[in-house]
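Please guide me through this structure by way of questions and answers.

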Amino acid sequence: MTATLTPTEAAPSGPTEGRRDGALRGRLTFDRWGLLALPLLVFLLVVFIAPLAFLIASSVTDPTLGLDNYRKIFTESVYLRVLVNTFTVALTVTAVTLALAYPYAYLMTIATPRWRALLTLIILVPFWTSILVRSFALVLLLRDTGVLNSIAMSAGAIDEPVPLLRTMTGVVFGMVQIALPFAVLPMYATMRTIDRRLLDAAQGMGDRPSGAFWRVFVPLSMPGVAAGLILTFIQALGYYITPALLGGPKNTMIGELIVQQVSTVLQFGFAAALAVILLGTTFVLLAITSKFMNLERMLMGRS
Amino acid sequence: MTRILTRAALVLLAVLIAAYVLLPILVIFPMSVSENGFMAFPPEGFTWDWYRSLSTDPTWFASAGQSLTVALASAALSVVLGTLAALALVRGRFPFRRLALLAMLSPLIVPYVIVGLAVYIAFLKVGLTETPLGFVLVHTCLGVPYVMINVSAGLVSVDRRLEMASMNLGAGPVSTFMRVTLPAILPNVLAGALFAFITSWDEVVVAIFLSGPGMTTLPVKMWSGIRVEIDPTLAAVSSLLLLVLIGTFLLTGLARGIQRLLARRSSVNLDHSGV
């Protein structure tokens, strides 16, 4: 990277300045404000990007040069099952999250400001509370001697505790909670901008309220839904804590497998290959998303 | 009629979701004062014993102290790097802008398991695992996007004419930034700092990779506790953490209230945000 300072001037130049330069030189130019990006870029390059690059490299060099690590993942049924599991769980979590988040976001759009503030506060609770506090609480809730089973048993609904912990149900129960804010907020952000008069217009032209909702409101809300769902799905693919705590050995996800490979059998190259698959999937999904959505805005507007 | 039914169904769903989100957390405190050591539900009796045994265990304090140090340091570093980058993003031009932005936001995208693995392998080579510095470096990467996002949002609405006025009156660029720009974006900087702090304070996945006998942050200590054997001390720790969180929120709310009060009283009210 070459850093060329534009000639100094009293007021810092705006982004339009310097367009007159040659195309290439223009593209490689830092102005004085632009230079301020360098500390962070260098920092991330050293601490974040270089280790990732090294990880990707080690997936084809450790222990021997070649694609052995990948071959192992895609030929041995134990590992294939983990991949299938990861996608199954992530898809289930996304579907359940959609079913809960969409009506919730819709309620937020039609609520009065005071109720809307309360609804926002509630949905942000999982976002703010420590993931460990929440996971611990879910363990207390789902155990055989936990809250749900105790209540159901003392109410006489069941005679024996229903196993919830270490099952797929437990994993989904825990993961949906974490995913909810990331799905509700983009959906609400989109729904808020929908002009309600369009619905009135549809009804004025003879459509029933439900017809107006499905044919006008739902299609217009799709960008927010897609953003929320993709965020949910991508996050769900890489979860580690919740599936490790609430899931059983049958529901192992790729994140857990990566940790196992490092902590118990010290197979760094194999773990790296798993990581590359997860990373690759994440970026392919994001690339597809960016074709029909402004990714920068989606990420920048997340908080 | 269908309209009322639909609304009722929506409200019912919202109530259920609220219960789903809040109830697990509300269970924690009663469990932490229950006399039953196996943490069965419903809680029995009342005792502060678990808090007492927590207060006599120095390992919890050590972990909490290490977490606090790491979180404060990485929040501070995130604020400096993130604010500078936000200035560059909003006002400057630099090469490979889209790629650079992607790099800056990538810590939000890359799953933490992968970050942990990559950084663990790299840090093993340079001896940074189980060190506060190692934790601070990684947690800064994870927290810095939040500072950047928040500060960028604030910078967009800063009135550049005030800065020019300050420069015309003889202040240098640094002095102008400290006295004019920074006060205007201070709420955004603080919000970013809070996000970065909490990101580090709560972070467990990367921390699991970097922790060891030499250094264990609070979330990792809780993690091994939950994994190995659930005991009431964990409920006590969780309750205290929730208390800290609620306290932080009340304090920020209070700070915002005071700020608003001061802004109303100051004669030079340059608020142009339209509020």
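The dialogue below treats the fold, the chain contact, the core and some local features of a predicted model.

Q: How many helices and strands does chain B have?
A: One begins with a count of the elements and then reads their order. Chain B has 11 helices and 0 strands. Read from the N terminus, the elements of chain B run α-α-α-α-α-α-α-α-α-α-α.

Q: How does the radius of gyration of chain B stand beside that of a compact globule?
A: The value is set against a reference for the number of residues. For 275 residues, a compact globule would have a radius of gyration near 19 Å, while chain B has 23 Å. Along the principal axes, the C-alpha atoms of chain B fill a box of roughly 70 × 65 × 40 Å.

Q: Which residues of chain B does UniProt list as "transmembrane region"?
A: Such a feature comes from a record, and the spans can then be looked up in the model. For chain B, the unreviewed UniProt entry lists residues 9-29, 68-90, 99-123, 135-158, 185-212 and 232-255. In the model, residues 68-90 of chain B are 100% helix and 0% strand, with end C-alpha atoms 32 Å apart. Residues 185-212 of chain B are 86% helix and 0% strand, and the end C-alpha atoms there are 39 Å apart.

Q: Where does UniProt place the feature "transmembrane region" in chain A?
A: The unreviewed UniProt entry places the feature at residues 35-58, 78-105, 117-142, 171-191, 212-241 and 265-288 of chain A. Residues 171-191 of chain A are 100% helix and 0% strand, with 29 Å between the end C-alpha atoms. For residues 265-288 of chain A, the span is 88% helix and 0% strand, and the end C-alpha atoms lie 35 Å apart.

Q: How many residues does the contact take from chain B and from chain A?
A: The size of an interface is often given as the accessible area lost when the parts come together. A count of residues is used here: the contact takes 72 residues from chain B and 76 residues from chain A. On the chain B side, helix α1 (residues 2-32) gives the largest share, 14 residues. By class, the residues of chain B that touch chain A are 63 nonpolar, 5 polar and 4 charged.

Q: What does the domain assignment of chain A give?
A: Chain A is assigned domain 1 (1-62) and domain 2 (69-300). Their contact takes 5 residues from domain 1 of chain A and 7 residues from domain 2 of chain A. The domain 1 side consists of 2 nonpolar, 2 polar and 1 charged residues.

Q: Which residues touch the most other members of the largest nonpolar core?
A: A core can be read through its members and through the elements that supply them. The largest nonpolar core has 158 residues, and those touching the most other members are Tyr104(A), Ala105(A), Val184(A), Leu274(A), Ala275(A), Ala85(B) and Leu117(B). Helix α8 (residues 168-192) of chain A supplies the largest share of this core, 15 residues. The core lies between domain 1 (1-62) and domain 2 (69-300) of chain A, because both give residues to it.

Q: With which residues is Leu117(B) in contact, leaving aside its neighbours within four places in sequence?
A: Leu117(B) is in contact with Leu55(A), Ile258(A), Val262(A), Ala271(A), Ala275(A) and Phe209(B).

Q: Which peptide bond is cis, with omega near 0°?
A: The omega angle is the one to read. The bond from Asp62(A) to Pro63(A) is cis, and Pro63(A) lies in the loop between α2 (38-61) and α3 (68-75) of chain A.

Methods
Residues numbered from 1 in each chain as written. Chains lettered and ligands numbered in written order. Predicted model: local features only at pLDDT ≥ 70, side-chain atom pairs only at ≥ 80, totals over all residues. Contact = placed C-beta atoms within 7 Å. Helix = DSSP H or I, 4+ residues; strand = E, 2+ residues; numbered from the N terminus. Nonpolar A, V, L, I, M, F, W, Y, C, P; charged D, E, K, R; others polar. UniProt positions renumbered as here; feature names shortened; annotations may be inferred. Rg over C-alpha atoms; globule rule 2.2 N^0.38 Å. Domains from an automatic or database assignment. Core = buried A, V, L, I, M, F, W, Y, C linked by C-beta atoms within 7 Å. Buried ≥ 20, exposed ≤ 12 C-beta atoms within 10 Å, placed from the backbone.
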